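Here is a brief report on a single model.

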Amino acid sequence: MLALSLSSALMLAVDAAEVTYALTIANGRVPANMRLIRVKQNDVVKLEWRTDKPISVHLHGYDIEQELKPGTVTEMTFTARATGRFTVEPHIGKTPSGGHAHGAVLVTIEVYP
């Protein structure tokens, strides 16, 4: 049984890829042709963020938050273990309950089995 598990793990490692996407936020938006990203489960995904204004972004489902600053490239790297659709949205302020509010979706990431 252990050999089967090790073999399965090796097959997953072989199928996984490392993918990088360069994303630029200008005037609060990502260009339309970069708003949908499709990857496979277990891919290592690197999002290289650039922005024209300071902004905090949140990848839902993976609970990753990054502070972005103009003039720098900020990397958001994760292994796409969970399948489904996951959005990246900006944090735009506090809610009355003490949480934070989100702006319009910047990017949707679809992770396929």
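Is Asp-63 buried or exposed? At 62% relative accessibility, Asp-63 counts as exposed. Exposed means over 50% relative accessible area, buried under 20%, and partly exposed in between (1.4 Å probe, protein chains only).

This is a predicted model: local features need pLDDT of at least 70, side-chain atom pairs count only at pLDDT 80 or more, and totals for chains, interfaces and linings use all residues. Residues are numbered from 1 along each chain as its sequence is written, and side-chain values use heavy atoms, without hydrogens and water.

Asp-63 and Asn-27 are non-glycine residues with positive phi. Strands are DSSP E runs of at least two residues, numbered from the N terminus.

| Residue | Phi | Loop | Relative accessible area |
|---|---|---|---|
| Asp-63 | about 50 degrees | between β4 and β5 | 62% |

The largest nonpolar core has 25 residues. Such a core is a set of buried Ala, Val, Leu, Ile, Met, Phe, Trp, Tyr and Cys residues joined through side-chain atoms within 4.5 Å. Leu-47, Trp-49 and Ile-109 have the most contacts inside it. β1 gives the most, with four.

Trp-49 touches (heavy atoms within 4.5 Å) residues including Leu-23, Val-57, Met-76 and Val-107, not counting those up to four places away in sequence.

His-58 lies in strand β4 and is buried, at 7% relative accessibility. Its side chain joins that of His-91 through a polar contact of 3.4 Å. A polar contact is a pair of N or O atoms within 3.5 Å; within protein, one must be able to donate a hydrogen and the other to accept it, and residues adjacent in sequence count only if both atoms are side-chain atoms.
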